[in-house]
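Hello,

Here is the structure we talked about handing over, sequence and coordinates together.

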Amino acid sequence: MSQFLSKSEIRARFCRAMSDMYKAEVPLYGDLMDLVRDVNAEVMARDPELRKRLEAFDNLDRISEERHGAIRLGTAEELFTMRRLFAVMGMEPVGYYDLSVAGIPVHSTAFRPTQGTDLKRSPFRVFTSLLRLELIEDAALRQEAETILARRDIFTPKLRELIETSETEGGLREDEAQIFIREALETFRWHSDATVSEATYQKLHDAHRLVADVVSFKGPHINHLTPRTLDIDRVQRLMPARGITPKAIIEGPPPRHCPVLLRQTSFKALEEQIAFLGEAGERVPGRHTARFGEIEQRGVALKPKGRALYDTLLDAARGLAQPKADGSNADQYMAALSEVFTPLPDSYDRLRSDGLAYFHYFLTDKGRGAPKADLARDLEGLVSQGHVGFDPIVYEDFLPVSAAGIFQSNLGDNAAKDRLERSNRDVFEQALGGPVADEFALYQALEDASIKTVLEEVNQGALVSQ
Ligand code: OOG
Ligand code: NI
């Protein structure tokens, strides 16, 4: 039992190690982190109430830490082993994202912690995509890509061994966990030496830029990390002054008093020096664009009814002004977004009473001090008496339209936008080796658990009189 390091502790340490590695690999990402930290400090200085709330419910030292990263895998076996790797850190696959609708040849899930206490310790998650090789039309090229991918092993032997140890023993000890983190980093590390010739790279690149990114390298380099910001609009505005070029618009809902779901923006991927494989094994200099930095700001998780409304409103906004990659209509799009979103109530009271969002319920001080006989027996009664309060449950997942926007801004403006043949969730889950969890069920379980606790507290010692 206690001989094992907790899975959350391993995840938190891994997240920090990955952050250090990525800052060293992509210095501009370090600049973005500095900006995020400065803006977060400013926001807290401006808003002492917020600072107090964050102090109570979060860890102030960790406010600006990474909340997610992303990788792209090439084969079913890689996805299968990746699920086992993330399980060592208490991360399970949640949700299925079909990016084919936006012309991106991948389907994806998010590996993340699912329990309240684990999310609190470290909410770090990894958006994980599997390339859909079947979409390469040229049969010879598809075959070539498959052969190249079959040759690589993205996991070190020691890592494979420790994944198995964790599975059979139920966890890793301190010394094993340290080695696990070190070996796992190898999987996510950048390799500037391509495993293919320039000609092969070009063919893969012409099929789709993502295909070249996944197939041409030794491993699934982490392609971005994403810290949390307390004011995403401000960071977006300040990026250029720090020499960082932001994508044209912030993805997700408009700015609101009561934030919902997820807002995110990124800086454009950098063009980096790489080396192709020459005919006689020599290195041929080249360039590749893949890695970037992102920021996110999360709000309350929406119930299916709220989410359906969000999807409808987002569609409507995009109908009014399709955001252009060059940013020329960014203001127009943001204005349309704010305008169109007015039907989604901007108060937690309404979001709750209309059944649009998930909340965590708790006994208030007033409720705690009240004579038992005065307490209502049902949740709504308790809430209207002020004996029970509620806090928004934070959205922990991703949004397919937003993810497509992040992908596209980093694949260059000429990335294909045609719809592709729809992806197949069964194929994905077969590769994964199990089903992905349903995000709505997870939020509902968190809400239900808080209601159960509150009602138990209310009923404790109370006479059951009938
Ligand atoms: C993943 C892009 C999606 C997000 O935050 O929605 C994503 C990728 O580029 O591999 O990270
Ligand atoms: Ni991301």
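**A charge over a ring, and what else turned up**

The charged end of Arg-352 sits over the ring of Phe-390, 4.8 Å from its centre. Another such case is Arg-83, whose charged end lies over the ring of Phe-80 at 5.1 Å from the centre. (A charge sits over a ring if NZ of Lys or CZ of Arg is within 6 Å of the ring centre and within 35 degrees of the ring normal.)

Before you go further, some housekeeping. This is a predicted model, in which local features need pLDDT of at least 70 and side-chain atom pairs count only at pLDDT 80 or more, while totals for chains, interfaces and linings use all residues. Residues are numbered from 1 along each chain as its sequence is written, chains are lettered from A and ligands numbered from 1 in the order in which they are written, and side-chain values use heavy atoms, with hydrogens and water left out.

**The nickel site**

Which residues hold the nickel ion (ligand 2)? His-68 (NE2), His-224 (NE2) and Glu-294 (OE) coordinate this ion, at 2.0 to 2.1 Å. (Donors are N, O and S atoms within 2.8 Å of the metal, or 3.2 Å for Na, K and Ca; water is not among the atoms, so sites may look incomplete.) Along the chain, the donors of the nickel ion (ligand 2) have the spacing H-x155-H-x69-E. His-224 belongs to strand β7 (residues 224-227) and Glu-294 to strand β11 (residues 293-298), so this pair ties together parts that are 70 residues apart in sequence. (Helices, H or I with at least four residues, and strands, E with at least two, are DSSP runs numbered from the N terminus.) His-224 is buried, with a relative accessible area of 5%, and Glu-294 is buried with 1%. (Buried means under 20% relative accessible area, exposed over 50% and partly exposed in between, using a 1.4 Å probe and protein chains only.)

**Aromatic pairs**

A search of the whole structure gives 17 aromatic pairs. In one of them, the ring centres of Tyr-201 and Phe-276 are 4.9 Å apart and the planes are at 55°, so the pair is tilted. (Rings of Phe, Tyr and Trp, the last by its six-membered ring, pair if their centres lie within 6.5 Å; planes under 30 degrees apart count as stacked, over 60 as edge-to-face and the rest as tilted.) Tyr-201 is in helix α9 (residues 198-207) and Phe-276 in strand β9 (residues 271-277), so parts 75 residues apart in sequence are tied together. Tyr-201 is buried at 4% relative accessible area, and Phe-276 is buried at 2%. Elsewhere, ring pairs link Phe-14, Phe-86, Phe-111 and Phe-188 into a cluster.

**Helix α19**

Helix α19 (residues 439-459) has 21 residues, which should span 30 Å at 1.5 Å a residue; the end C-alpha atoms are 30 Å apart, which agrees. (The expected span of a helix is 1.5 Å times one less than its number of residues.) At the start of α19, a side-chain oxygen of Asp-438 comes to within 3.2 Å of the backbone nitrogen of Phe-440. The buried residues of α19 include Leu-442, Tyr-443, Glu-447 and Ile-451. Among the elements that the buried residues of α19 pack against are β3 (92-98), α12 (304-320) and β12 (359-363).

Glu-447 deserves a look of its own. Its relative accessibility is 5%, so Glu-447 counts as buried. A polar atom of the Glu-447 side chain lies 2.8 Å from the backbone nitrogen of Phe-359. Leaving aside neighbours within four places in sequence, Glu-447 is in contact (heavy atoms within 4.5 Å) with residues including Lys-303, Tyr-361 and Ile-393.

**Two loops**

His-387 lies in the loop between α16 and β13 and is buried, at 7% relative accessible area. Its side chain makes a polar contact of 2.7 Å with that of Gln-385. (A polar contact is a pair of N or O atoms within 3.5 Å; within protein, one must be able to donate a hydrogen and the other to accept it, and residues adjacent in sequence count only if both atoms are side-chain atoms.)

Most residues other than glycine have a negative phi. Leu-261, in the loop between α11 (232-238) and β8 (262-267), has a positive phi of about 50° although it is not a glycine. Leu-261 is buried, with a relative accessible area of 0%.
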